[in-house]
Amino acid sequence: MSRKPELKGRAARLARLFPAGPRQAARTPFVLLVVLLLGGGLIGLLVLNSALSEGSFKMDDLQKDTKSLTDEEQGLQRDIDSYSAPDALQRRARELGMVPGGDPAFLNPDGTVKGVPSAAAQQSLEEAPAAVQPPEAIPLSRTDEAPPSPGTPPPSPLSEPAEPTGPPAPSAAPTEAIPENPGR
């Protein structure tokens with residue numbers, strides 16, 4: 001029979017720290033921990049992947065919106081360019097009854113006149129377009145003022161023409177005078 005030798009001192013204290021019999025570590029908690037970690041990792045990857053694909057769809061929608069808005073902006077810019085082209089401005093000015101101006105004169109800083117001014121060219125009645133009537137004047141008033149009562153006369157115009165130059169114009173809606181801002 002073999003007997004284990006008795007340990008003394010330091011060796012005895014160390015031997016007490018280790019189990020005496022052949023014990024096996026419990027495998028069930030370890031396997032469960034590994035399965036939970038792998039499952040949690042897979043679920044985390046699935047959530048991350050779905051969040052990334054959702055962000056990709058949003059980004060694709062925003063890029064489509066950006067492209068359509070850019071196309072709209074370019075179309076509006078083309079419209080602005082066509083309206084501000086010199087020939088379009090000239091045509092619109094003629095429709096409004098404007099004529100090209102004459103030669104300008106310039107004032108020097110010392111008060112002398114440089115150049116000889118000339119009057120604008122007169123249009124014949126055949127060339128002149130029909131008079132374009134301005135849209136109805138919108139009365140300008142402050143929103144906190146009460147509207148005028150029906151019995152009060154309309155306010156007087158800001159200025160009256162010195163002499164009529166053509167047939168009487170159709171009556172337009174009266175406009176109110178805009179009070180001057182004393183702070184300016």
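**Exercise 1.** Which residues form a nonpolar patch on the surface, and about how much accessible area do they have together?

*Solution.* Start with the source: this is a predicted model, in which local features need pLDDT of at least 70 and side-chain atom pairs count only at pLDDT 80 or more, while totals for chains, interfaces and linings use all residues. Residues are numbered from 1 along each chain as its sequence is written, and side-chain values use heavy atoms, with hydrogens and water left out.

Next, the term: a patch takes residues with over 30% relative accessible area and no salt bridge, joining like charges within 9 Å and nonpolar side chains (Val, Leu, Ile, Met, Phe, Trp, Tyr) within 5 Å. Areas come from the Shrake-Rupley method with a 1.4 Å probe, and for residues only the protein chains shown count as cover.

The patch consists of Phe30, Val31, Val34, Val35 and Leu38, with about 470 Å² together. Of these, Val35 is placed in helix H2 (residues 27-83). Helices (H or I, at least four residues) are DSSP runs, numbered from the N terminus.

**Exercise 2.** Find how many salt bridges the structure holds, and describe the one between Lys64 and Asp60.

*Solution.* A salt bridge is a side-chain nitrogen of Lys or Arg within 4 Å of a carboxyl oxygen of Asp or Glu. The structure holds 4. For Lys64 and Asp60, the N to O distance is 3.8 Å. These two residues are 4 apart in helix H2, and therefore about one helical turn separates them.

Then accessibility: buried is under 20% relative accessible area, exposed over 50%, and partly exposed in between (1.4 Å probe, protein chains only). Lys64 counts as exposed because its relative accessibility is 53%. Asp60, at 34%, counts as partly exposed.

**Exercise 3.** What is the closest N and O distance between Glu95 and Arg92?

*Solution.* The closest N and O atoms of this salt bridge are 3.3 Å apart. Both residues lie in helix H3 (residues 86-95), 3 residues apart, so about one helical turn separates them. Glu95 is partly exposed at 34%, and Arg92 is partly exposed at 44%.
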